[in-house]
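I opened this structure for the first time today. These are my notes, in the order I looked things up.

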Amino acid sequence: MSSATDKKNINLKLQVWRQKDGKSEGLFTTYDAQQVSPDDSFLEMLDGVNEKIIKNGGQPIAFDHDCREGICGSCGFMIDGNAHGPQKGTTVCQLHMRNFKDGQTIVLEPFRAKAFPIIKDLYVDRTAFDRIIEAGGYISSNTGSAPDANAVPIPKPDADEAFLSAACIGCGACVASCKNASAALFTSAKITHLALLPQGKVEREQRALDMVAQMDIEGFGACTTTGACSAACPKEISLINIAKMNREYLRASILKKQEATGGDMA
Amino acid sequence: MSSNYKLDSKIPSGPIESKWTNHKFNIKLVNPANKRKYNVIVVGTGLAGASAAASLGELGYQVKAFCTHESPRRAHSVAAQGGINAAKNYQNDGDSVQRLFYDTIKGGDFRAREANVHRLAEVSVNIIDQAVAQGVPLAREYGGLLANRSFGGAQVSRTFYARGQTGQQLLLGAYSGMMRQVDSGNVQLMNLREMLDLVVVDGKARGIIARNLLTGEIESHEADAVILASGGYSNVFYLSTNAMACSVTANWKAHKRGAFFANPCYTQIHPTCIPVHGVNQSKLTLMSESLRNDGRVWVSKIKGDKRPPAQIPENERDYYLERIYPSFGNLAPRDVSSRQAKFLVDQGHGAMGEQAVYLDFENSIKRLGEDKIAERYGNLFQMYDKITGENPYKQPMRIYPAPHYTMGGLWVDYNLESTVPGLFVAGEANFSDHGANRLGASALMQGLADGYFVLPYTLGNYIANTKLEKVQITHDAFKEAASTVTKNTEKLLSIKGSKTVESFHKRLGLIMWNKCGMSRTREGLTEAISEIKKLRQEFHSEVLVPGASNGINLELEKANRVADFIELGELMCRDALVREESCGGHFREEHQVDGEAKRDDEKFCHAAAWEWKGSAEKEQVRHQEELKFENVKLATRSYK
């Protein structure tokens, strides 16, 4: 075990994408990050750079962030071409500076995708994900109408698998890492999570059709299953989800029931 | 509102077991066809806000849901790790509504309102049903039924969980319910907007002023009722386990418009967080209380012991929670556990001489195997490893208490209505259910209870009983509030001083942590009040906020929030100073017996609710709501 005192601070050069807003042109600007503690998180290192920019009368680098413990999904940008940086299964807020070397130059860019318009600098708009959920990423169960929670046992392997799919934090690293900017991993994780559970079976077909349709409307690209998404995912959501989504979609396309018409429904 | 305003808790009459049932029958209903004529604003989309928005949307109200985030799913409830309590008694270990009620009252050190807590325990069981119906993947046993674990302050296993991300899974459930209502047109999502004022017309809450965080535009929104579900104020300490954007701002603006602020000094310092690593640290990370199911807390018996933990033999280790609290052991409640950690570290027993104690899994790994421990806590162990660079399977975790939750908040009556009619407050933002200390796994329970099962009834009752004239955003009250917001914003930008917003926040945090943290004294609090007054003046003359009011300006957002934290900080210290007793998380060194909190039920068996008097220069007025304990006998709280 080592304490903070016997670790050496490091100096870095940052090349950061600066862009005033969605309409302006952007460019790389170089900043020095000096005397960075290896125990600092990547965002704490950026906080330090920003404090200096502000004191010198400049505009701080904008990036989205909130919980800083890897669960809210707010943070995320490209570090040397990797979504969330070099450490596997880690959001940028949980990436610590001990993973970088003294004197290193680091390139920071926003997540780039047509469906994620840039708001400012490294800050992008991922509300397209909310609209995919809105299209059907739920089980229609009004408050108060639920049966006892133990009324329907769910086999542990199914529950565990559903949990692993549900662990997605909606950060968008999958989209940013995909050469086609596809949202297949995000969408499939939700479709799989709900399709695995007995409660989710009622709306299973419609959900798959609607969510996939919304994904296309938002302008995300097609999936060619290269697996770059899963490799970059901070929650290590498996590529199997995409295979399952494809199956769910095909199945739904065939099985989709026509709504009953005619007769006296009163 | 005059200083002799009488707080009316509106607790229904009758025996405690039937108060809520009778109240639900006695309240007025709004006919289904009329509901769509009413607009409701919900501020905040965490567990309380999202569940309220979803449930009210399902009923047919026209809801506008506001959040400061780009997506409502990012609200800080997402970060809750360990679990949610419910009196299901699935384990057949003696749990019941009565026991959950009792544990929560006792856990809160007899400073919560009995009727609210009983209702919370009653609806706790419905929350789990609701979550499972939504597809929330709670942990299960091999037989397919739900699993439970234990949390602090209870001797039964009543905590439901989804590995270490119970908060995210429950929030995604509530969020998906709300998004379904967005899809059906009953809920309108107002993301990236921050409430900067409450609009009161004819004495009733009729809307809010919000800043559009993307464009900088100051917007007016009218409604028939407003719900605040904007969370707690732990970030007053700067370093806390709260997310960076958590603030008191929405609550504080409502406070300035007449909503009393209750028990601001009741703050929860969580015992198991990763210790501070250095001066640039921006936030602290919690290690879930659930770890204390299998982890043992200890320090070296020798003062100033600098040896690494592996070199400290068993007989030189002090498992102090097991020693002091044999019946609850490592699952002693949070306030008690934190205090003991502080005492021992202050006496020189800190891990390797630092501000930390050990949380050790060696015995459990031997007993259960590394696989079982990984299955239970894998993601927490991984998180610890990432942050500290140390492997907790091989060496004990080092932990220390950190600000985590605030039991204080806006005062509400039994209906969750504040002192401003038509302004309802839910979840951590209100003060009602946890008294002076919250038990683990009870925050998720309360947020969802308020949103799913309380507000849909009590808000309907308000609407059915109240004559609500149509108001337009052209009304003078909206114009006045919007112009106040604009003026305040321009003023912050025009100071152009030399000190950053962050530097003020850090200084405020240090004052609060040192003098209004785990341990408080008359002298320290008095000093803190005068230091904060000076800090406030310095802030408003020397702060540097770059940029302009139009467009996205993250520093301006922070400056607004820090200005409010500074004012709140002063009130917290005043509240702590006046409360001449120790209870739960509020520990006054002058009032203790053998290191345990010593309550003064003669003088302080009440909630204190503060009334804003028009300016930060004027002292706020303290009101009291007497607390009556008719079902749980007032007793010294003991976990020994």
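**Core of chain B**

I began with the largest nonpolar core, which has 283 residues; B:Val40, B:Val42, B:Ile227, B:Leu228 and B:Leu410 touch the most other members. I keep in mind that this is a predicted model. In soluble globular proteins, nonpolar side chains tend to be buried together.

I then picked one of these residues, B:Leu410. Which residues does B:Leu410 touch, not counting those up to four places away in sequence? The list includes B:Leu228, B:Ala254, B:Ala259, B:Phe261, B:Ala262, B:Val425, B:Ala429 and B:Phe431. B:Asn251, B:His255, B:Ser418 and B:Asn430 are also on the list.

**A four-stranded sheet**

Next I looked up a sheet in chain B. It is open, has four strands in the order 16-10-22-23, and pairs in the antiparallel sense. Which strands stand at the edges? They are strand 16 (409-410) and strand 23 (621-626) of chain B. Each has a single partner strand, so one side of each is left without a neighbour in the sheet.

I followed the pairing of strand 22 (residues 606-611) with strand 23 of chain B. The two are antiparallel and share six bridges. Within this region, B:Ala609 stands opposite B:His623 of strand 23 of chain B. Helix 16 of chain B packs on the sheet. This helix touches strand 10 (261-262), strand 22 and strand 23 of chain B. The direction of helix 16 makes about 145° with that of strand 22 of chain B.

**Where the chains meet**

I turned to the two chains together. How many residues of each chain are in contact with the other? I noted 70 residues of chain B and 69 residues of chain A. On the chain B side, six helices supply at least two residues each: helix 3 (47-59), helix 5 (114-133), helix 6 (166-183), helix 11 (370-388), helix 12 (443-465) and helix 16 (554-578). Helix 6 of chain B gives the most, with nine residues. By class, the side of chain B that touches chain A has 28 nonpolar, 26 polar and 16 charged residues.

**Domains of chain B**

The domain assignment of chain B lists domain 1 (270-404) and domain 2 (487-600). Their centres, taken over C-alpha atoms, are separated by 29 Å. Six residues of domain 1 of chain B are in contact with six residues of domain 2 of chain B. Which helix gives the most to the domain 1 side? Helix 9 (residues 334-349) of chain B does, with five residues. That side of domain 1 of chain B has two nonpolar, one polar and three charged residues.

**Chain A**

I moved on to chain A. It has eight helices and seven strands. Its C-alpha atoms fill a box of roughly 75 × 50 × 35 Å along the principal axes. Of the 266 residues in chain A, 51% are buried. Among contacts in chain A with a separation of 6 or more, 71% join residues 24 or more positions apart.

Chain A is divided into domain 1 (9-119) and domain 2 (127-140 + 153-255). Their C-alpha centres lie 28 Å apart. The contact takes 18 residues from domain 1 of chain A and 17 residues from domain 2 of chain A. On the domain 1 side I noted eight nonpolar, eight polar and two charged residues.

I ended with loops. A:Thr225 is not a glycine, yet has a positive phi of about 40°. A:Thr225 sits in the loop between helix 6 (204-217) and helix 7 (228-232) of chain A. Is A:Thr225 buried or partly exposed? It counts as partly exposed, because it has 13 C-beta neighbours inside 10 Å.

B:Tyr238 is not a glycine either, and has a positive phi of about 60°. B:Tyr238 lies in the loop between strand 9 (225-228) and helix 7 (249-256) of chain B. B:Tyr238 has 24 C-beta neighbours inside 10 Å, so it counts as buried.

B:Gly278 is in the loop between strand 11 (267-273) and strand 12 (296-300) of chain B. With 14 other C-beta atoms within 10 Å, B:Gly278 is partly exposed. From B:Gly278 to B:Ile324 I noted 46 residues in sequence and 32 Å in space, C-alpha to C-alpha.

Terms used. Residues numbered from 1 in each chain as written. Chains lettered and ligands numbered in written order. Predicted model: local features only at pLDDT ≥ 70, side-chain atom pairs only at ≥ 80, totals over all residues. Contact = placed C-beta atoms within 7 Å. Nonpolar A, V, L, I, M, F, W, Y, C, P; charged D, E, K, R; others polar. Domains from an automatic or database assignment. Buried ≥ 20, exposed ≤ 12 C-beta atoms within 10 Å, placed from the backbone. Core = buried A, V, L, I, M, F, W, Y, C linked by C-beta atoms within 7 Å. Pairing = 2+ DSSP bridges. Axes fitted to C-alpha atoms, helices over the stretch in contact; angles between N-to-C directions.
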